[in-house]
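Subject: Structure handover

Hello,

Here is the structure I promised to pass on. Please open it alongside this email.

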Amino acid sequence: MFIALIAYIAGILLARYISIPLWITLAATMVIMVIYWRYYRYSISLLYAFMAILLTGFIAAEINKPHATLPKDSLVEMIIDVTSTPAQREGYSRADGKIVQWRGEDDTRSANDKVVLWLRTDSIHAGDRVSIWGKLRDDISKHDEYNTLMHNREYVGSVAIGRSNIISIERNRTSTLHIRATDKLSQYRRDSNAHAIMQTMVTGSRHAMTPQLRDDYTKTGLAHLLAVSGLHLGIVYMVVITLLMPLGFIYRGHLIADLLTIIFIWIFAVMSGLSAPIIRAAIMVSILQLSKVLCREYVSVNSLCATLLIMLIYRPSYLYDISFELSALAVAGIVLWGTPLLRRIKSSKWIVRYLASSIVIGTMATLWTLPIVSHTFGYITLASIALTPVVILFTYAIVFFGLAALMMPHPISQYLAMVSQWAAEFQNSVVSYVARWESISIEYSLSTEGVAICYIVIAIISTIILVVPRRKRDKELIYIEPV
């Protein structure tokens, strides 16, 4: 599974730099697959399988490359669905949108073009359907690297919207579970920064976060707590299996509990916005529950590789999503390096196990994500290793009471949201205090070549960790003591 994942990723990356007619690629893939089936009993067949999967990744990336259905830099009437809550910037707002229809000179045409919206008005909200006169610009930003990155993420361009070019607005035209959850928590604003953290960690909506708050979490290495991912899903998972525990006392009740757990996990994933980290975590939990239903062994490495492969098959552009990259690397570090270390920790005291597991997991996740964090954000910090055991207690409270506020009716939800924001205030205080230390982080941006070298070294070390113990076990199995 790991080799298949590497081959597929290589194909996606290859499509970024070269362009080959699709029919040629399809023909080459078919020929290689025929050769593979002809020689599948021989070792050389592995090479053909690798090449076939690589070309499959190349084809998927080519098919999913964004192509605008309407002419660029031409003034047309268009209808846009606002798919995210506008985030405030200096003098304007930014949101994601989707062009669903546009009118040319002769007729009206349907579209499905993902765009970045630059808003010069406060009258537009998530879920609105906006009709405007405007132009689709190819450039999303002034920076070429950012433009390339956003095009790789399937954005076809950007659209500017102001009061002067708006024709009409339909309110809550595309309301979703995620938007409803965000709107409900927006009613319980106690402190602006605390409310922003609660919204971010429960619903995945970062629109209310200030630049200073983002910078504090980045400097302390705790930005991963803001992404709704496996940590947050783990809290939901523990609550769900606890509530469904009585089903284990009835016939086949454990099967019902496992299937209901999968359903509730995906409801939470949809509510939190279906970001790449939460999808990754939800698929892995689903595989875990299905392995219980089918009475099969759950192997974390295979589950992670299968999950990433499924996500990239569905949307190759996930490979260029920083949240997908950080989530995959952090989990890989925990599974490959953290799990063997945790198995060596044997203590009857829960406080020792908690501190040890928090430090080990935090250390492995930090080490594996450090190169790409330095390359993307320009910071190197190891403070999260020491902060994680403390801050994560507040994280549990924020997520637990925030989710309870969503599920309970008013006025109970108001008090639960208040408790969640109290925990967020304490967490923000700790993060802001540590972020003011001058030596907490180093401003250093690692080059692309440096990132590649770091992960080559990590791959070599991981191979040694996986191979050496296995060979040692094999020798112990075949060893026969002489008479």
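Below are notes on a pocket, the cysteines and some strands.

This is a predicted model: local features need pLDDT of at least 70, side-chain atom pairs count only at pLDDT 80 or more, and totals for chains, interfaces and linings use all residues. Residues are numbered from 1 along each chain as its sequence is written, and side-chain values use heavy atoms, leaving out hydrogens and water.

The pocket comes first. Rolling a probe the size of a water molecule over the atoms shows where empty space is left. On a 1 Å grid over the protein atoms alone, a pocket is an open set of points where a 1.4 Å probe fits, with protein on both sides within 12 Å along at least five of seven lines. Lining residues have an atom within 4 Å of a point. The second largest pocket has a volume of about 550 Å³. That volume is the space filled by probe spheres set on the points, which are joined across faces, edges and corners.

Which residues lie nearest its centre? They are Val-236, Phe-264, Phe-268, Leu-403 and Met-407, out of 20 lining residues. Helices H5 (177–186), H8 (230–243), H9 (253–271) and H14 (383–407) each supply at least two residues of this lining. Helices here are DSSP runs (H or I, at least four residues), as are strands (E, at least two), numbered from the N terminus. By class, the lining has 18 nonpolar, no polar and two charged residues. Ala, Val, Leu, Ile, Met, Phe, Trp, Tyr, Cys and Pro count as nonpolar; Asp, Glu, Lys and Arg as charged; the others, Gly among them, as polar.

Now the cysteines. A disulfide here is a pair of cysteine sulfur atoms within 2.5 Å. The count is zero. Cys-295 is exposed, at 66% relative accessible area. Cys-305 is buried, at 5%. Buried means under 20%, exposed over 50%, and partly exposed in between (1.4 Å probe, protein chains only).

Next, the strands. Six of the seven residues of S1 (residues 76–82) are buried, so this strand is largely enclosed by the rest of the structure. Strands pair if DSSP finds at least two bridges between them. S1 pairs with S5 (residues 129–134) in the antiparallel sense, over six bridges. Met-78 stands opposite Ile-132 there. S1 also pairs antiparallel with S3 (residues 93–103), over six bridges. In that pairing, Ile-80 stands opposite Ile-99.

Last, Ser-168 in strand S8 (residues 166–170). Ser-168 is partly exposed, at 36%. Ser-168 and Val-130 are 38 residues apart in sequence and 6.0 Å apart in space, C-alpha to C-alpha.

Best wishes
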